[in-house]
Amino acid sequence: MDDAVALARMTVQEAQEAHDLYRSWLGRLPALMVDLGVPEHALAESSLATAQVAEGLEVGWNRYVELIELFAQRAEDAPVARGLLEDARSSWLAAHDPATDRLAGLLALAADTIGEAVVGRLWDALLVDYYDAVSEKYDPATVPWSRSVERLGLDIFEAVRGHLTGPLRDGSFAVREEPDRWVLEFAPCGSGGRTYPGSTAGERDPREFTQGKHDWAWRTEGVCLYCAHCCQLQQRAPIQALGFPLRVIEPPVRATGRAPGRATCTWSIYKDPAATPAHAWTDVGADAPAGAPVTRR
């Protein structure tokens with residue numbers, strides 16, 4: 001029972017980053033949109049919805065934490081304890097998903113109002129503190145790469161469980177080891193992945209997906225504007241800071257008239273940065289280093 005209680009409390013630790021980021025982004029994104037040229041009147045109709053989602057996020061989060069602590073008190077009573085765990089998961093899910101949807105909707109509004117290119121600039125503004133930490137945390141000159149590989153894996157294990165990834169929204173995902181890399185597959189991830197058509201979120205506004213090809217979205221049409229932040233954090237910013245990506249992503253893609261869709265999001269963490277394929281640079285508008293492997297996808 002002690003282990004069960006510790007693991008239940010660990011779910012709060014896993015979800016903490018998602019909660020903190022969503023609270024921050026919901027507060028900052030509307031102001032950043034105005035700063036970058038979105039007219040204030042264009043945001044007027046959505047401001048109430050954003051405030052309501054932000055309030056719901058806090059209410060749901062607090063209820064989730066309370067239910068986990070109640071579980072800790074009732075863990076010896078298995079039927080009651082199982083019910084409390086499911087109530088906790090459901091409370092976090094009900095707070096989490098509207099926040100994802102609101103962020104995707106705000107990004108779509110910015111793209112529709114002043115052009116899709118603004119989305120990359122918005123993510124740069126929201127993520128700048130994370131960009132600054134890349135060199136400190138993962139520079140091979142100061143941190144052994146083997147240690148970074150482990151950290152990169154464990155960090156994402158924790159983060160995606162916090163977003164309740166998987167078709168049952170229970171934190172499940174696939175992981176396998178290959179000779180040159182670790183591969184993680186999310187179908188879907190619990191945040192951006194669920195915004196694609198056919199996911200648990202249902203049909204989406206086409207404006208929430210890239211209409212053109214941009215360095216900040218893997219030069220791919222049909223990428224969720226929310227998902228684009230993973231392109232920034234895992235490939236573009238690390239390439240600029242370190243010269244190579246931290247994780248290489250093949251994102252889910254909405255089907256277009258020119259290309260089929262893809263439901264699964266695949267992340268690769270290479271055991272040696274020199275084994276990273278050339279497309280990890282060229283997909284995000286960077287020049288691949290000489291000798292980078294050329295792989296077929």
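Colleague: Which residue stands opposite V175 in β2?

Modeller: In this predicted model, L184 of β2 stands opposite V175.

Colleague: What makes β1 and β2 count as paired strands?

Modeller: Pairing requires at least two bridges found by DSSP.

Colleague: What is the strand order in the open sheet?

Modeller: The order is β1-β2-β4-β3, four strands with antiparallel pairing.

Colleague: Why are β1 and β3 called edge strands?

Modeller: Both β1 (174–178) and β3 (248–250) pair on one side only. On average, neighbouring strands of this sheet are turned by 20 degrees against each other, direction ignored.

Colleague: Which helices lie across or pack on these strands?

Modeller: Helix α5 (residues 145–162) lies across β1, β2 and β4 (265–270). Helix α6 (residues 228–242) packs on the sheet and touches β3 and β4.

Colleague: What angles do α5 and α6 make with the strands?

Modeller: α5 runs at about 160 degrees to β4. For α6, the direction makes about 150 degrees with that of β3.

Colleague: At what angle do the axes of α1 and α2 cross?

Modeller: The axes of helix α1 (residues 2–35) and helix α2 (residues 40–74) cross at roughly 165 degrees and come within 10 Å. Angles over 145 degrees count as roughly antiparallel, so α1 is roughly antiparallel to α2.

Colleague: Is the crossing of α1 with α2 left-handed or right-handed?

Modeller: α1 passes α2 in a left-handed crossing.

Colleague: What residues make up the contact of α1 with α2?

Modeller: The residues of that contact divide into 20 nonpolar, four polar and five charged.

Colleague: How do you know what span helix α3 should have, and what do its end C-alpha atoms give?

Modeller: Helix α3 (residues 78–114) has 37 residues, and at 1.5 Å a residue they should span 54 Å. The end C-alpha atoms of α3 are 54 Å apart, so the two values agree.

Technical notes. Residues numbered from 1 in each chain as written. Predicted model: local features only at pLDDT ≥ 70, side-chain atom pairs only at ≥ 80, totals over all residues. Heavy atoms only, no water. Helix = DSSP H or I, 4+ residues; strand = E, 2+ residues; numbered from the N terminus. Expected span 1.5 Å × (residues − 1). Axes fitted to C-alpha atoms, helices over the stretch in contact; angles between N-to-C directions. Contact = heavy atoms within 4.5 Å. Parallel < 35°, antiparallel > 145°, perpendicular 65-115°, else oblique. Left-handed = near helix turned anticlockwise from the far one by under 90°. Nonpolar A, V, L, I, M, F, W, Y, C, P; charged D, E, K, R; others polar.
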